[in-house]
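Q: I am new to reading protein structures. Please take me slowly through one spot in this model, and then show me how the rest of the chain is put together.

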Amino acid sequence: MISVSRRDFILGGAALALAARPRCAFASTPSPTENAGGSEAVAASGALKVRFLGTGALDWEKGPNKHGETRRFASVLIDGRTLIDFTPRNREMLPEGCRPEAVFYTHSHRDHFDPEAALALGVKRVYCHESWVKTARKLFAAAAGERPAPEVNGVAFGAPVVEGGVAFTALPANHSTRKKGERCALYMLDKGATRLLYATDTCGIPRDALKYAGMERDAERPFTAIIMEATAGPGHADDHRFFFSHSSAELVARTARALAASGRYRPAAARPVWITHMLRAQYGSMRELDSSLPAPLKAAFDGMEIEI
Ligand SMILES: [Zn+2]
């Protein structure tokens with residue numbers, strides 16, 4: 001299901017996108033109280049609903065592109081309840097009445113991590129890799145001031161945490177920040193038969209990520225869906241500015257092929273690999289994108305919803 005039409009997206013801007021905002025499907029659902037300790041169960045069935053709250057890389061802070069299209073920084077809302085990364089403008093793409101209680105952060109770069117944005121939303125639980133949890137706690141406490149700060153939890157690679165009936169497992173990314181010792185994370189999401197790999201920011205998928213996903217030798221339980229960053233656009237795969245810590249559209253296509261060939265990725269028939277975290281400077285308009293991306297890639301856009 002796509003809740004904002006591509007035409008609306010192209011005409012773009014927040015105004016149209018806001019007008020098309022759906023109501024939050026989970027707005028009246030009681031929030032999970034038992035949590036963090038891992039007592040909540042993973043849903044045994046049901047589709048995983050992903051809403052893209054942002055699909056752009058850092059250079060989108062310059063504003064809309066020449067086609068009048070807007071992308072916010074990369075962020076997703078899972079099942080209307082849990083966020084991965086969250087920055088101020090992602091709030092514009094939240095369904096009305098939606099108040100997610102938890103955020104999983106991939107890393108501390110400012111186009112992914114913004115304590116004030118999460119505080120303004122009233123988020124109660126925050127997760128990041130254990131290597132920088134003390135820093136995250138300090139930053140949240142400083143931003144909160146007199147306001148209550150959320151519980152900030154460190155997660156270890158390979159150790160699932162359940163939020164909203166979905167298991168989130170952090171996996172190592174090939175990406176780095178200037179914070180000493182910080183390890184950046186990808187997330188593997190499990191719900192029912194769905195196993196989604198959400199991979200941003202990273203250059204390719206490190207072998208260690210497969211190890212922590214339990215797929216080092218083979219995969220009894222392969223990924224069934226992939227959302228991956230493709231910072232560098234088609235034809236820009238050799239751009240050295242991004243090559244060492246980000247992926248290109250070509251690399252995402254190669255990664256998906258290699259994972260599929262080795263039995264680690266078994267998507268439903270005709271399911272695309274969705275790309276996010278796209279550079280403003282290296283991608284054309286959404287219309288151009290559809291024809292320029294290598295198969296099986298499909299560019300996500302802000303407000304797009306998928307059920308997998
Ligand atoms: Zn980054």
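A: Let's start with Arg147, which sits in the loop between helix α4 (133-144) and strand β6 (151-155). Helices (H or I, at least four residues) and strands (E, at least two) are DSSP runs, numbered from the N terminus. The model is predicted, so local features need pLDDT of at least 70 and side-chain atom pairs count only at pLDDT 80 or more, while totals for chains, interfaces and linings use all residues. Residues are numbered from 1 along each chain as its sequence is written, and side-chain values use heavy atoms, with hydrogens and water left out.

Arg147 counts as partly exposed because its relative accessibility is 36%. On this scale, buried means under 20% relative accessible area, exposed means over 50%, and partly exposed lies in between (1.4 Å probe, protein chains only). Leaving aside neighbours within four places in sequence, Arg147 is in contact with Glu116 and Leu119, where contact means heavy atoms within 4.5 Å. With Glu116 there is also a polar contact of 2.8 Å between the two side chains. That term means a pair of N or O atoms within 3.5 Å; within protein, one must be able to donate a hydrogen and the other to accept it, and residues adjacent in sequence count only if both atoms are side-chain atoms. Gly122 is 25 residues from Arg147 along the chain, and their C-alpha atoms are 9.9 Å apart.

Now step back to the whole chain. It has 8 helices and 14 strands, and 56% of its 308 residues count as buried. Among contacts with a separation of 6 or more, 67% are between residues 24 or more positions apart.

An α-helix has 3.6 residues a turn, so residues three or four places apart point the same way. Just after α7, Gly263 takes a positive phi of about 80 degrees.

Next, some backbone details. Most residues other than glycine have a negative phi, and most peptide bonds are trans. Asp79, not a glycine, has a positive phi of about 55 degrees and is found in the loop between β2 (75-78) and β3 (82-84). Asp79 counts as buried because its relative accessibility is 4%. Asp85, in the loop between β3 and β4 (102-104), has a positive phi near 60 degrees. With 0% relative accessibility, Asp85 counts as buried too. As for cis peptide bonds, one runs from Thr200 to Asp201, with omega near -5 degrees, and Asp201 lies in the loop between β10 (194-199) and α5. Another joins Ala295 and Pro296, with omega about 5 degrees; Pro296 is in the loop between α8 (286-292) and β13.
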